[in-house]
Amino acid sequence: MTPAGRPTAAERALLARACDLALRARGQVSPNPAVGAVIARDGEIVGEGWHTGPGKPHAEPQAIAAAGQATQGATLVCTLEPCSHTGRTGPCTDAVIAAGIARVVVGTLDPLERTRGQGVKILTDAGIEVAIADGEDADHAREVASPFLTWAATGRPEVMLKMAASLDGRVATRTGNTRWISGPEARALVHRWRADMDAVGVGIGTADADDPSLTTRLVAGPSPRRIVLGSAPAGAKVQPCTEWTAGLPELLDLLGQENVLQVMVEGGASVAASFHRENLVDRYVLYVAPAFMGGDDGVPLFRGAGAATMQELWRANIVSTRLLGE
């Protein structure tokens, strides 16, 4: 028998569904987190919801409204701990209690709730049974909310560094040519990620050499704020953009203050090396094309000096791999 404080197998499946719902509005909710919620009663889903943007109802009230009277004695499964404060909307804990929900399953805790009313405590004090996910289920929920969790913990946006390289680790030819290492499927996915981001940045070298627009023209979705690390020409496709010539930590501090929760850095090799060496990257995404540049004069992933010994290698964990086209 599953303990009261642990999700059941059925509730774990509902949490996976709630995570999928949360991702529908990712990139549109900053500075709020992406959250999904599902309400079930007698083994059947009776309501679903997800947060769609600042000032709009949160996921839990959305699901409660969809369920109607079926919320009495039901189970609410949500990706993030319900909020207990009044901001642009009222506390989700109040809505859950008023709806007669009997049990709440939480994917992951909200770090900001530790300095507020603590959503889980308010629910349990009201007599509602609360279960908190662990293991892979909690990891999945944290992944969905990771930009918000990073911002809440550090005051800075989550940084994704995206690079495309040949099998021998080169991102450009010796003449600086980069188009195209990856294929059309990979480029479409980059545009999908841009639509999920609050901001996207490149170095001035990339801006000058490739003249990118950094828009989402290959997919449906909003284009992110554009940042150039340097001074972009007036007629560059990336304009209008934010131009930045100071330090990278200071840039991330400023973006965090401006409620930017996630930013994708698209290169080039010097900018990538700077973010990497200053330990500012939260997530590395590397497109590896089945091609060889050949020789030792192509541009490497990171410009500059590398590790002197094997003990100095920077190591990470591979979270996932995926085949895109060829």
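Here are legends for a few close-up views of this predicted model.

The model is predicted, so local features need pLDDT of at least 70 and side-chain atom pairs count only at pLDDT 80 or more, while totals for chains, interfaces and linings use all residues. Residues are numbered from 1 along each chain as its sequence is written, and side-chain values use heavy atoms, with hydrogens and water left out.

View 1. Helices (H or I, at least four residues) and strands (E, at least two) are DSSP runs, numbered from the N terminus. The C-alpha trace spans about 65 × 40 × 35 Å along its principal axes. Of the 326 residues, 46% are buried, where buried means under 20% relative accessible area, exposed over 50%, and partly exposed in between (1.4 Å probe, protein chains only).

**View 2. Helix α5 and its buried face.** Look for Asp 137, Ala 138, Ala 141 and Val 144, the buried residues of α5. Seen down the helix axis, they fall within an arc of 120°, so they line one face of α5; the arc is that of the directions from the helix axis to the C-beta atoms. An α-helix has 3.6 residues a turn, so residues three or four places apart point the same way. The cover over these α5 residues includes α1 (9–22), β3, β4 (103–108) and α6, counting contacts as heavy atoms within 4.5 Å.

**View 3. Helix α6 (residues 146–154) and what covers it.** Buried here are Ser 146, Pro 147, Phe 148, Leu 149, Thr 150 and Trp 151. Among the elements covering them are α5 (135–144), β6 (158–166) and α9 (248–257). Just after α6 comes Gly 155, with a positive phi of about 80°.

**View 4. An open sheet of six strands.** Follow the order β10-β9-β8-β11-β6-β12, with parallel pairing; two strands pair if DSSP finds at least two bridges between them. β10 (242–243) and β12 stand at the edges with a single partner strand each, so one side of each has no neighbour in the sheet. Three bridges join β8 (residues 199–203) to β11, and Gly 201 has Val 265 in β11 as its bridge partner.

**View 5. The largest nonpolar core, with 25 residues.** Such a core is a set of buried Ala, Val, Leu, Ile, Met, Phe, Trp, Tyr and Cys residues joined through side-chain atoms within 4.5 Å. Ile 39, Leu 76, Val 96, Ile 101 and Val 104 touch the most other members. Helix α2 (59–67) is one of the elements giving two or more residues, and α2 gives the most, with four.
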